[in-house]
Amino acid sequence: MNFDFSDDQKLIQSEARKLLNDKCPPELVRNIMEDEQQPYAEALWRQIGEMGWTATAIPEAYDGLGLGYLELCVIAEELGRAAAPVPFSSTVYLFAEAIKLYGSEAQKKNWLPRVASGELIGCLAAAEGFGNGEQEVEQDGAPPGLQANVSSGRLSGTKLGVADGDVANAAVVHAVGPEGEGLYLVDLAQSGVAREAVKSLDLARSYANLSFESAECELLGDAGTGKQMLADLRDRAAVLFAFEQVGGAEAALDMGVQYTNERFAFGRPVASFQAIKHKFADMFVSKELARSNAYYGAWALSSGAKELPLAAARARVSAIAAYDECSRENLQAHGGMGFTWEFDCHLHYRRAHLLALVIGSGYHWRQLLATRLLAAEI
Amino acid sequence: MDFNDTPELASFRNEIREWLAANARTELPEGVKYGGEAIYAVAKEWYKKTAEAGYACLDWPKEYGGAGLTPLHKVVWAQEVANYAEPDSYFVIGIGNCGPAVTHFSDEKLKQRLLPRMASADDVWCQLFSEPSAGSDLAGLRTQAVQQDDGSWRINGQKIWTSGANHSDYGVVLCRTDTSVSKYKGLTMFILDMKQPGVTVKPIKQMDGNQHFNEVFFSDAEIPDAYRLGEVNQGWGAALLVLMNERMAITAVAPDGFDRFLEFVKSAEIAGQLLRDDPQVRDRLAHWYSQHAGVDASYMRMLTAVSKGGMPGAEGAVGKLIGGRMNQDIANFTLSLMGEAGAVHDAATAMEQAYFQDAALFSPGIRLAGGTDEIMRNIIAEQILGLPQEPRADKGVAFKDIPSGNG
C-alpha cells in the first residue's frame, strides 16, 4: 500500500507553492477584488501557462505534459492555498476535461493544445437558475429546468452565473438538442453570444451571465447523454476542487494560528486560551479529514477506479465542510479585525463560499453521496 | 498511489487467511457476547491458540513470545481477523501498554519470564494510572510508594477506571515517590503482583448499568525492587513512553458507530417511510460517512508513513475525537427518528434490540475513556499545531504544596 503522493509529485507541489508565494501574495488577490477592470490576474495566468500547469494532465499528443491527475491535484492544492485569482479551474478541471473525455479527435486537436499553452480560457455553462438542478442529475426524462436548446446546429438560451464566462474564449454548454440533452462546444467570440459580467461573492473570481442567440456550436460526445456526461465531469472536477479547498482551509488555519500566537490579551498570547486552542483543534480535524478524503478521490480519479463517484462525493462533502469551518473560525479568532476589509480573513471566507457552490452545493452533494453510499456494496 | 500489499505482506495475508479459515469462528459460542463475563474465557482460549500457532504479538521478538515481524504484519492480521468473531483484541491494554513498559525497562530475566506468558494470555495485565483526583491531570496522582529497609516497596492509595483489573495477574502502576519536588519529578513506575492480599479490586457500576472498569485499592501492597520500571522518580518519562506505545497500537481506528447506523438506514422503515428516502436522514448519513471515511483514509495515510519508516504522530487523537462524538450523535439522532416510542429501552420491544438506546447510554463513556475530548483537543493544539500551554497554577510548585481543593 502506498497512500501518498510520490517525491516527484511533492516536488511539483513545493515548486508551485514557491512560485505562488512569490507571484500571488494576498495583495494580488486584493488588486483583482478591488479593480473591476481586472477580472483575473493576467500576468499570473500567463506565468501559469509558461510553467505548464494548464498542460499537466493533457496528453503529449495534444502538446500537453502527459502527467496524471495526481500532479494536477498537488497544483490545485497550492492554487487553493493562495486563493489564486485565475480561471484555472474553469479552464482545466471543466473545459479541458470535457474535451479530453468526450471530444472527437478533431476537437481534441483543435482545443487541447491551446489550453496546454495557456492561451485559451474555457468554461462550463450549466446552470440556468436557482437550485442545484436536482432533476437534471437524478431523474430520467427531460429536465424541466433546462431551457437552452440546439436546433439546426444553433444554440439559443441563457446561462446564469457562469464562472469565468466573461473572460473565456470558449464554453462547454449543457443544452437540449434534437436527440435530448447534450454538451455543446461554443466559441464565445461570435455575434450570437452576449455576455454580462456579474459581481460574484468572491470578488477575486469573475462571473458572467451568458446569452446565446442562434450561436454556432458543435456537439461534444454522444447526443442524448448530456446528463450523464455532466455528472461524470462534475465528479472528476469535485476531486480537483477538493484539493483547492483543502489548500485554502490549511491557509486559513495557519493564518489564525499565527495571528493568535502574536496577539496578546489579558497578558498572554490569545493562542494560549483553551477556547481558542480547541477551536483550532476542531479546524485541524476537519481539514485533515478533508485532506484524507481528497487523497482517496485522487486515487480513484488517477487510477480510473469504479469507486470514483462515491470517492468524489465524499471528497467534496468533506472539503466543503473543512473550508467552511476553517475560513469562518479563522475570521472569528481574529476578533473584530477579522471583519475588516483590510484584513485578509475574508479572502478565504469568500473563496470558501464560492467553492462550496460551484458544480453544485453541499446540500446537493450530501444527497448525492447518500444515494451513492446506499447503492454501494461496502 | 495504490492499495496493494508488498509481496511479503501478500504472502503473509494468504498464510493467515488459510489459518483463520481453519481456526477462527464467525460467531461467538451461544450465550457469549461482548461486554459480558463469559467472553473472558473465550478470549483466553483464543490468545492461547494464536500463541501456539506463532501469531501472537506479531511485532514482538520471538524470544519474548512474539513472531519477530513488523507493525504492518499486525495491521494485516487485524484486517483479516476482523472477518471473524474472535475477541482478538480483548487483552490489548496489557499487551499494548504494559508489554512495551516491561520490554523497555525490565532486565532480561524478567522479560523472559513475563512477556511470553503475557503474549499467550496465560497472565493477564492491567494498567494502573488514573486516580480519583488524577484523570486528565494524570501527573497529579497520589498513590504512594515508600521504599523499605530491604529495598522493597510498600504502596498505599487508590486507582480508578482500571479495565480488566478483576481478571489481572499483574499490573503496571504509577506511584508518587517524592512529594517535595514538582509533580512530574516525584513519580516512579512499577510492576505489581495483583494477586496479593494488599490489593483489592472493586468493580464500578457505570451509568448504563454495565461494569467494565474497576477501582483498585492498595493497602500495604508489596513490590520487590526488581519490579521497578526505570529509575526512581523518573516515572513520568516512563509513563509517557507507555502512552506513546498506546498511540503506536496502530491496528485499528476508534469505533464510531457508523456501520451500524448505515445498516439501519439501509433497511429500516418508520411509520411507513423508508429512512433511506428521508432527506434529513440522508443529509446526516452523508455527513457522518464523510467523517467516518475521512478517519479511515487518514489511517491509511498513517500506515503508509509507518511503512516508510515514519512514526505515528498525535493524529490518532483525530479518530478518537470524531468517533466518540459520532457514537453519541448517531444514537441521539436515531432515537429522535423513533419518536415517543424511542423512549422504550426494552430489547424485546425497541427497534434493533434497543441498540440505539444502549448506545445513548454507553456513548458518554467513549468520549471520556482513554483521554477526554478536551484532552484530545489539547493534544492536537499543542503537539500538532504547536500552540502554547495555558498558564498553570502548579508549575514549579512542590507536589505537597499544590492546591487540591480539599482544604
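In chain B, the domain assignment, which is automatic or taken from a database, gives domain 1 (7–90), domain 2 (125–246) and domain 3 (253–384). The model is a predicted one, in which local features need pLDDT of at least 70 and side-chain atom pairs count only at pLDDT 80 or more, while totals for chains, interfaces and linings use all residues. Residues are numbered from 1 along each chain as its sequence is written, and chains are lettered from A and ligands numbered from 1 in the order in which they are written.

The corresponding assignment for chain A gives domain 1 (7–119), domain 2 (123–224) and domain 3 (227–375).

| Pair | Separation of C-alpha centres |
|---|---|
| domain 2 of chain A and domain 3 of chain A | 28 Å |
| domain 2 of chain B and domain 3 of chain B | 32 Å |

The contact in chain B takes four residues from domain 2 and six residues from domain 3, where two residues are in contact if their C-beta atoms, placed from the backbone, lie within 7 Å. On the domain 2 side of that contact in chain B there are one nonpolar, two polar and one charged residues; here Ala, Val, Leu, Ile, Met, Phe, Trp, Tyr, Cys and Pro count as nonpolar, Asp, Glu, Lys and Arg as charged, and the others, Gly among them, as polar.

In chain A, 15 residues of domain 2 are in contact with 13 residues of domain 3. The elements that give two or more residues to the domain 2 side are α7 (134–138) and β5 (180–187) of chain A, helices (H or I, at least four residues) and strands (E, at least two) being DSSP runs numbered from the N terminus. Of these, α7(A) gives the most, with three residues, and by class this side of domain 2 of chain A has six nonpolar, four polar and five charged residues.

Between the chains, 40 residues of chain B are in contact with 36 residues of chain A. The elements of chain B that give two or more residues to its side are α8 (279–307), α9 (316–338) and α11 (373–384), and the largest share, 19 residues, comes from α8(B). The residues on this side of chain B divide into 21 nonpolar, ten polar and nine charged.

Helix α8 of chain B also holds B:V306, which is partly exposed, with 17 other C-beta atoms within 10 Å; a residue is buried if 20 or more other C-beta atoms, placed from the backbone, lie within 10 Å of its own, exposed if 12 or fewer, and partly exposed in between.

Leaving aside residues up to four places away in sequence, B:F190 touches residues including B:W153, B:I223 and B:R228.

In chain A, strand β1 (residues 122–125) is covered on both faces, with A:G122 and A:L124 buried on one side and A:C123 and A:A125 buried on the other. Strand β1(A) pairs in the parallel sense with strand β4 (residues 170–177) of chain A over four bridges, pairing being called when DSSP finds at least two bridges between two strands.
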